[in-house]
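Trainee: Could you take me through one part of this model in some detail? I would like to follow the aromatic side chains.

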Amino acid sequence: MDETEFWEIIDSTREAADGDPEEHADLLVERLVRLDPDSVLDYARHFEARYNRAYRWDLWGAAAVLLGGASDDAFDYFRCWLIAQGREVFEGAVHDPDSLAELLDGFDEEIDGDGEELGYAADEAYEQLTGVVSPDLGVPPQPSKPDGTPFSLEDDEGLAERYPALWERFGPV
């Protein structure tokens with residue numbers, strides 16, 4: 001599976017789910033089980049590589065603005081959700097996290113930002129296809145600390161300064 005096919009699977013299942021992350025995860029599993037096990041592992045490698053790439057302080061700060069705070073787990077689930085928004089949103093956010101203010105058409109705090117189940121879709125599909133858990137993907141592990149310079153995720157003034165567009169659109173009222 002190449003990168004284009006990976007993003008096509010993400011996009012088609014997201015559109016069919018009308019943006020609902022839980023429905024998106026279910027549709028991803030349904031789509032992935034139509035592939036052979038090696039293709040599912042390829043999908044998982046693409047997903048994992050992007051998940052690890054997004055382990056950055058600047059994206060964690062953007063998540064904190066969007067979610068009104070972001071614990072370790074919340075940021076993990078946010079990264080899954082961010083990948084599921086498609087290539088344009090993901091790459092735009094990695095390049096400039098504040099651009100999420102323009103890249104996101106809408107953001108519903110009740111359903112958006114938490115893509116936990118999306119992160120398990122390939123594992124679930126692989127297990128359904130083979131009856132065994134996914135093997136090691138051979139993808140370098142996530143770094144022990146996020147990339148970039150640490151800063152306080154609880155400093156509203158600092159977040160507003162770092163992410164002016166996000167803060168204006170999604171920050172506390």
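Mentor: Happy to! Let's start with a term: a residue is buried under 20% relative accessible area, exposed over 50% and partly exposed in between, using a 1.4 Å probe and protein chains only. The model is predicted, so local features need pLDDT of at least 70 and side-chain atom pairs count only at pLDDT 80 or more, while totals for chains, interfaces and linings use all residues. Residues are numbered from 1 along each chain as its sequence is written, and side-chain values use heavy atoms, with hydrogens and water left out.

Now look at Phe170, which is buried, with a relative accessible area of 13%. Rings of Phe, Tyr and Trp (its six-membered ring) count as a pair if their centres lie within 6.5 Å; planes under 30 degrees apart are stacked, over 60 edge-to-face, and the rest tilted. Twelve aromatic pairs turn up across the whole structure. In the edge-to-face pair of Phe107 and Phe170, the centres are 5.7 Å apart and the planes make an angle of 70°. Phe107 sits in the loop between α7 (100–103) and α8, whereas Phe170 belongs to helix α10 (residues 164–170), so their pairing ties together parts 63 residues apart in sequence. Helices here are DSSP runs (H or I, at least four residues), as are strands (E, at least two), numbered from the N terminus.

Both rings also belong to one aromatic cluster, together with Tyr55, Trp57, Trp60, Phe75, Phe78, Trp81 and Phe151.
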